[in-house]
Amino acid sequence: MTTCTDNWEQVEAAAKTVLGERLAEYIRRATEKPHPESQLIAVLHEVQSEFGYLAEAHLDAVAQLMQVPAAKVAGVASFYHFFRLKPRGKFMINVCLGTACYVKGAERVAQKITEELGITWGETSKDGVFTLEGSRCLGTCGLAPVVMIDDEIHGEVTPDQVPALLEKYLKKARE
Ligand code: FES
């Protein structure tokens, strides 16, 4: 690997501290492949699956270890919707915003969730329990409006049911 700094060992050590030995080794192997930059998305996936999201420090460390400009790494991470740049909550709430759900009042359900949790789309509640996202059709239109929390589908959800639904998961989070 070529280096562009005089204190490469220090840079490498700092990046390893942020990412850990396993990811550092994963990146080292990725950079040995014919077109290292083409491995960037795979590397970012690996980092995200380890930490749940991509913090600025993770992106900087990836840039350093891959010898790719930090702006490029940040650009790729923010371009693709599957990369998360903020920590996610213990539970992911996905409110379906597909047509069937929208027509049946998904927006009102989402509004109630945002009121209850004090967050908006893409945000995580202060207690770290919930992250709220909107999603395309979840394939269960007959149950519209649909809210998926982690892998559990909740159908025909009304705004009035939202507090009890959230409470159920809050209890799980406390267990
Ligand atoms: S539109 Fe919501 S499940 Fe299909």
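I started at Gly142, which sits in the loop between E2 and E3. The model is predicted, and I kept that in mind throughout. Is Gly142 buried or exposed? Its relative accessibility is 70%, so Gly142 counts as exposed.

The peptide bond from Ala144 to Pro145 is cis, with omega near -5 degrees. I noted this since most peptide bonds are trans.

**Ser135.** Next I looked up Ser135, which belongs to strand E2. Its relative accessibility is 14%, and the cut-off for buried is under 20%, so Ser135 counts as buried. Which residues does Ser135 touch, leaving out those up to four places away in sequence? I found Asn94, Val95, Cys96, Leu97 and Gly98.

**Strand E1.** In E1, Phe91, Ile93 and Val95 point one way. Met92, Asn94 and Cys96 point the other way. I recorded buried for both sets.

**Partners of E1.** I checked pairing next. E1 runs parallel to E2 (residues 130–135), with six bridges between them. E1 also pairs with E3 (residues 147–149), here antiparallel and through three bridges. What stands opposite Val95 in E2? I found Gly134 there. In E3, the residue opposite Val95 is Val147.

**Beyond E3.** I followed the chain into the loop between E3 and strand E4 (152–154), where Asp150 is found. Asp150 is not a glycine, yet its phi is positive, at about 50 degrees. At 28% relative accessibility, I logged Asp150 as partly exposed. Glu156 also has a positive phi of about 50 degrees and is not a glycine. I placed Glu156 in the loop between E4 and helix H8 (162–174). For reference, most residues other than glycine have a negative phi.

**Helix H4.** I turned to H4, residues 56–66. Which of its residues are buried? I listed His58, Leu59, Ala61, Val62, Ala63, Leu65 and Met66. Their cover includes helices H1 (8–19), H2 (21–31), H3 (40–51) and H5 (70–79). Just after H4, Gln67 takes a positive phi of about 60 degrees.

**Whole chain.** Last, I looked at the overall picture. I counted eight helices and four strands. From the N terminus on, the order is α-α-α-α-α-β-α-α-β-β-β-α. The radius of gyration is 20 Å, well over the 16 Å that the globule rule gives for 175 residues, so the chain is more spread out than a compact globule. The C-alpha atoms fill a box of roughly 60 × 35 × 20 Å along the principal axes. Buried residues make up 37% of the 175. Of the contacts with a separation of 6 or more, 63% join residues 24 or more positions apart. I noted an accessible surface of about 10,100 Å², with 52% of it belonging to carbon and sulfur atoms. I also logged charges: 19 positive and 24 negative side chains, with the centres of the two sets 5 Å apart.

Conventions
Residues numbered from 1 in each chain as written. Predicted model: local features only at pLDDT ≥ 70, side-chain atom pairs only at ≥ 80, totals over all residues. Heavy atoms only, no water. Buried < 20%, exposed > 50% of the residue type's maximum accessible area, 1.4 Å probe, protein only. Helix = DSSP H or I, 4+ residues; strand = E, 2+ residues; numbered from the N terminus. Pairing = 2+ DSSP bridges. Rg over C-alpha atoms; globule rule 2.2 N^0.38 Å. Contact = heavy atoms within 4.5 Å. Areas by Shrake-Rupley, 256 points an atom, 1.4 Å probe, with all protein chains shown as cover. Lys, Arg positive; Asp, Glu negative; His and termini not counted. Charge placed at Lys NZ, Arg CZ, Asp CG, Glu CD.
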